[in-house]
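Dear colleague,

Please read them with the model open beside you.

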Amino acid sequence: MNVNQSVPPVPSFGQPQPVYPGYHQSSYGGQSGSTAPTIPYGAYNGPVPGYQQTPPQGMSRAPPSSGAPPASTAQAPCGQAAYGQFGQGDVQNGPSSTVQMQRLPGSQPFGSPLAPVGNQPAVLQPYGPPPTSAQVTAQLSGMQISGAVAPAPPSSGLGYGPPTSLASASGSFPNSASGGPRLPSMTGPLLPGQSFGGPSVSQPNHVSSPPPQALPPGTQMTGPLGPLPPMHSPQQPGYQPQQNGSFGPARGPQPNYGSPYPAAPTFGSQSGPQPLPPKRLDPDAIPSPQLSELPPQQKTRHRIDPDAIPSPIQVIEDDRNNRGTEPFVTGVRGQVPPLVTTNFLVKDQGNASPRYIRCTSYNIPCTSDMAKQAQVPLAAVIKPLARLPPEEASPYVVDHGESGPLRCNRCKAYMCPFMQFIEGGRRFQCCFCSCINDVPPQYFQHLDHTGKRVDAYDRPELSLGSYEFLATVDYCKNNKFPSPPAFIFMIDVSYNAIRTGLVRLLCEELKSLLDFLPREGGAEESAIRVGFVTYNKVLHFYNVKSSLAQPQMMVVSDVADMFVPLLDGFLVNVNESRAVITSLLDQIPEMFADTRETETVFVPVIQAGMEALKAAECAGKLFLFHTSLPIAEAPGKLKNRDDRKLINTDKEKTLFQPQTGAYQTLAKECVAQGCCVDLFLFPNQYVDVATLSVVPQLTGGSVYKYACFQVENDQERFLSDLRRDVQKVVGFDAVMRVRTSTGIRAVDFFGAFYMSNTTDVELAGLDGDKTVTVEFKHDDRLNEESGALLQCALLYTSCAGQRRLRIHNLALNCCTQLADLYRNCETDTLINYMAKFAYRGVLNSPVKAVRDTLITQCAQILACYRKNCASPSSAGQLILPECMKLLPVYLNCVLKSDVLQPGAEITTDDRAYVRQLVTSMDVAETNVFFYPRLLPLTKSPIESTTEPPAVRASEERLSNGDMYLLENGLNLFLWVGASVQQGVVQSLFSVSSFSQITSGLSVLPVLDNPLSKKVRGLIDSLRAQRSRYMKLIVVKQEDKLEMLFKHFLVEDKSLSGGASYVDFLCHMHKEIRQLLS
């Protein structure tokens, strides 16, 4: 990342690129307190060193204790977070006490101007062993982002698009054309009235930077900084730049230091000797990831302005502005769709909507050699039953009668817009395998002068990318049409479930919820039948036949040999048996009110549900409500094997693997029967989620987890999830196959499903939230002219019992130039694939090996671009492809996630839960899960109805006079700064001061004022966008819950040792340089 490069004349990319205005401030002196931390380069993945903090004068902050707080204080109250509570010592990821940066006159201000540097209070902290001058020299020179020669503010960051005011598009940090101001000799004392500036007073959290070792006066920095252009004349107005790249007065001698301001090398003013000639760059000078392996003097950090590195917020904003206004028309092959964060309309004109299929690249290499060289995974994230916005039409249903859908005789691909009709329309050539097929007489139609059928636009399968066929009896099990599916509710009535009030709450809710079972189109009532089972150590089946006055209970205590004691009256139509069902739901909480039974079974419960579906000859779904580890004597009995000592050892993978094979065997039987399992867990302690989630995972079901469930705190979240889960449209007894045109084939699959062979993805159930991720590899050479085709075909039973085929088609471009590949990638989809690849990897490999694999692959992708596509430039520059410039920041978020790098407070169950959750997430969900949204609440006008613009997920973006909402799809926090105006506190919380706000509050009071309405409305709209209910947690600044909140500020260094974004970018740069050298 070179700040000393002259401007290369050649653009780094073969096309003009948008300018990202957010990147072009190298020193944003005007922005209050948002300076970047200059904490030492702490290493990537290493432990966090203990910092000693002294708050600057004038800051309202309680002095931190010297050690980490006891776990109990750092922990969130039970049940407050969806997963994980995080504690921390005194580390703050805030801005450091670097000098306030002042711009030269003429450079544009950023935000409101700050007070002059001289008025800032001085803050100095002792810090560890200082580095030697040689070390400082080596590191600065090796990195070439030293800031030792300060350029004009860079226009667009590190190789991301053309700089605004400079005749270059290389995207490195260029020098200004006129030659920017250069470093004077910094050996003199401070001018009168000047002092070393601390952080701005509005900024409460900071980590102080270490005083590096001083250089003796007159020492020169050697190294590859290149010959220096002539210095500015002394008459030049404004401050000269300092050694950290910011503008402002030079820093003079400090108390306790016997020399000029440390690490301010004299680059030789006019009078000094000239610097040595450049020498070869040394990538080893950049600190490497493991902090513990480094000598102490190597742990310095390079001063990089966080505003000069790619911002996810800026990229999202630009895409919304550029692509959110026009509909995305799918008629053109290989178009990259707008980002998942952009709201756009889709017009299907022959390719499937990106809501159904997103690819890592829309232009794939013609040869496997080229694919190997680039290392970009070729994958598609497919969401076959995705829900569409109301303004887009659902796929048309085509009925070909008894003959069924038309297919290729050889490869069995379904008729689609890419099939070529020949011989006047009497035959067609398959676009997947080139086989020539006869057109049946009833399907025949003449061709127009272009060779297209004249009825092409009247037939969805000839003009659209997505459509459905009604399946014939040949597509059904045992060659007979299926019965409508059934739902069975299986309720744990052990002591824990009764004591928490769960059973009463659930039974009360089911009375009304059963009116909202999914139904087809305009059907008056749902065709789905329902049944009820309760269990602890034994199972209780209920006969709720409509002719009965009262429900009848039958107990099965032989759980080792499970059978269903009744057929008639177990699965019933809700409307016919409503009175009996209501009576049963009233009686269940009373029947077990005095239970003392604490033990539960698990496998026999699912077996019972599956057997009931088998006896009724239908597919269906089991809703299982379970509270504890199944330790009762029965098949699938588990023991507590939770062992935190295994973390970071080779045996860590066992924590993610099921304890026993019984669960996989059971799952396989469930899939064969079309029995999908949704599991609602309410644990107070370890329940072995890794094992219990196997059946939901392999049957296409979902797992919901409510730790330490309390009715008053968690009922809204649980009931909201339950309502959505019961009401959502599901395809049952499904099989999915992905076909490709010659040259590539599907080789690997990720998601919640079962596979008994290498091609068919089997799903007992599939809903509109689940995705299947498919990886492709070359098996032959591709052709640029014909491109590559994918066809996803899903055979399933609808909620009404209709057998259907849903088809999605997508055509991609093929390229012989690597630049075309890199120009058409989709980073969000790439991260979705890489996260799933890594999360599956932890089942078989040590977590560290999985992390290293990800880093290596990312470095190879970027090094290949640098070597083959970027214009020649110094190795000190980090150059990233325009559409992959967020790959490092997003990848770092994956590496720091709880599965790959757990903090001390995250439980084994939480990690297993998140691991299986991510496996079937779509691209929009992984995007916000790994890089949460942080929305300031008081910046936008109160009357504005639009969502406030997000800010970057870093502590230095928080202002203590504001409030922020943070969401990641599972968690929702409202962070309240300590200096928020009293009127705002009153309007939102109905209390008179900050100190009276209840920390951990999960419901905002309903108040009749514009701010309260706006914030509650925003929270509702965020929840509506996500597939799971996000419970609100109010976090006060400086409160113990703040540790939990800070865990989601992913651009900062994490407590579990994860690197900050800046550090990781430096590390990636080093890895790339090593690959290139």
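**Salt bridges and a sheet**

A network of salt bridges links Arg387, Arg724, Asp725, Lys728, Asp767, Asp769 and Lys770. Please bear in mind that the model is a predicted one; a search of the whole structure finds 49 salt bridges.

Among them is the one in which the side chains of Lys480 and Glu617 meet, at 3.2 Å from N to O. This pair links distant parts of the chain, 137 residues apart, with Lys480 in the loop between strand E10 (466-470) and strand E11 (486-492), and Glu617 in the loop between helix H9 (603-615) and strand E15 (620-626). Lys480 counts as partly exposed at 46% relative accessibility, whereas Glu617, at 52%, counts as exposed.

A salt bridge of 2.4 Å, N to O, also joins the side chains of Lys511 and Asp586. Because Lys511 lies in helix H7 (residues 502-513) and Asp586 in helix H8 (residues 578-591), the pair ties together parts that are 75 residues apart in sequence. Asp586 is partly exposed, its relative accessible area being 38%.

Turning to the sheet, you will find an open arrangement of 4 strands in the order E24-E25-E26-E27, with mixed pairing. Strands E24 (933-936) and E27 (1031-1036) stand at the edges and have a single partner strand each, so one side of each is left without a neighbour in the sheet. From one strand to the next, the twist averages 20°. E24 and strand E25 (residues 963-967) run antiparallel and are joined by 4 bridges, and Pro936 stands opposite Tyr964 in E25.

Key: Residues are numbered from 1 along each chain as its sequence is written. This is a predicted model: local features need pLDDT of at least 70, side-chain atom pairs count only at pLDDT 80 or more; totals for chains, interfaces and linings use all residues. Side-chain values use heavy atoms; hydrogens and water are left out. Two strands pair if DSSP finds at least two bridges between them. Helices (H or I, at least four residues) and strands (E, at least two) are DSSP runs, numbered from the N terminus. Axes are lines fitted to C-alpha atoms, for helices over the stretch in contact, and angles run from 0 to 180 degrees between N-to-C directions. A salt bridge is a side-chain nitrogen of Lys or Arg within 4 Å of a carboxyl oxygen of Asp or Glu. Buried means under 20% relative accessible area, exposed over 50%, partly exposed in between (1.4 Å probe, protein chains only).
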